[in-house]
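Visitor: Please take me through this protein model, one question at a time.

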Amino acid sequence: MADKILKELNGLPIFRMSLGSKELFHSNFLEYLWSVDSDRFKNMINKLLGKNVLNNDSYILSREKENFDLCIYHKDSKGKTIYDVIIENKVKSIPSKQQLDDYVDKVIHGTHCYLLLSLIENFCDRKEIEDEEVWKIVNYEALHKVIREHYQGIGGKDQTYIDDYCSFISNMHKLQQQIVSGNFESEELWSDYGIYKKYRLHDLYIKLRGLKFIELLKNRLAAEGLSATVVSVGGFRFRELWGHTVPENRVDVYLNWNVFNAVGQIAAYVYNGENEIYEIVIQGYQYRHGINYYDEQRPNITLDEIWEEVKGKTFISCIKHYGNKNKNHCQYNPDYVYVYNKITSQMTVEYLLKRMVDDIGKLCNH
């Protein structure tokens with residue numbers, strides 16, 4: 001099914017054009033719809049919001065004003081900008097409540113209607129965003145339907161472009177549903193990576209499957225009595241975030257997913273409040289145990305010296321590892337050492353979940 005959708009997408013010139021900058025492309029296309037017929041566009045936005053917000057001819061649409069993807073505003077009698085609708089467009093990236101809150105904080109004057117267009121339907125912050133009832137979340141299937149409804153009969157070459165775009169985003173919606181199926185836990189974590197890479201959609205594939213893994217991992221840790229929270233940064237930046245101090249709202253485990261060099265990474269961090277962040281990481285086809293080490297009293301300590309100090313720790317010595325045959329560990333400058341197993345085709349998502357929960361539990365107890 002996914003392969004069929006990917007082939008259909010690949011046959012649409014508009015899909016090919018979108019690959020250079022996915023989110024900018026979609027926001028630019030919405031701006032184009034406004035230029036084709038702004039009245040139809042206003043009615044379309046009112047329909048998505050479920051209220052009659054845009055009801056006269058005085059509105060202006062802008063791209064990237066105040067870093068908003070799209071905003072619709074008008075000027076009052078004194079020339080002051082009054083925002084009516086802020087539109088945030090998420091296609092290749094995941095909606096973040098913190099980012100959305102920052103946008104809300106920027107808007108001082110206006111009706112304060114906020115519309116989040118998100119290709120990805122299931123993401124960590126969704127419930128919290130919905131519970132606040134500030135942002136209206138709309139998926140791309142709903143966007144496809146409302147564009148067809150309001151721009152039907154526009155005619156000419158504009159109709160061709162609009163129809164192609166609607167087919168494009170409808171297929172993208174179906175595709176994101178296929179990426180994480182009901183059989184997810186019995187599959188390999190990155191089983192179809194090669195297919196999606198062929199069509200240059202591997203970043204979407206990695207993010208969706210990584211997100212689902214993080215969700216399941218967090219739930220399983222909770223069942224074991226371990227508190228966990230998802231953080232937006234990982235690795236060295238995670239350590240910098242906490243400034244080598246224990247935060248007041250400290251939890252047992254910090255979770256992060258990311259994409260590095262077109263490879264997916266799922267990470268669990270346990271911070272000891274002193275010099276070390278312990279990491280259990282899936283990166284591509286490596287299952288890693290690592291220590292991100294920093295000692296302010298010894299800023300010039302070498303990676304090999306770090307290894308000698310940490311290799312006897314229960315955490316890092318309990319894993320068999322492969323890699324460079326001339327080394328007993330791998331390393332990243334300036335202060336990260338790790339060992340790893342290869343993830344084989346027999347290691348399903350269920351296997352990896354159980355292993356991570358077990359390793360994290362042992363680490364926290366240790």
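Predicted model: local features only at pLDDT ≥ 70, side-chain atom pairs only at ≥ 80, totals over all residues.

Guide: Residues are numbered from 1 along each chain as its sequence is written, and side-chain values use heavy atoms, with hydrogens and water left out.

Visitor: Which helix supplies the largest share of the lining of the largest pocket?

Guide: A pocket is an open set of points on a 1 Å grid over the protein atoms alone, where a 1.4 Å probe fits, with protein on both sides within 12 Å along at least five of seven lines; lining residues have an atom within 4 Å of a point. Here 41 residues line the largest pocket, and Trp257 is among those nearest its centre. Helices (DSSP runs of H or I, at least four residues) and strands (E, at least two) are numbered from the N terminus. Seven lining residues, the largest share, come from H10.

Visitor: Is Glu66 buried, partly exposed or exposed?

Guide: Glu66 sits in the loop between strands E1 (60-63) and E2 (70-75), and its phi is positive, near 55 degrees. Most residues other than glycine have a negative phi. Buried means under 20% relative accessible area and exposed over 50%, with partly exposed in between (1.4 Å probe, protein chains only). Because its relative accessibility is 46%, Glu66 counts as partly exposed.
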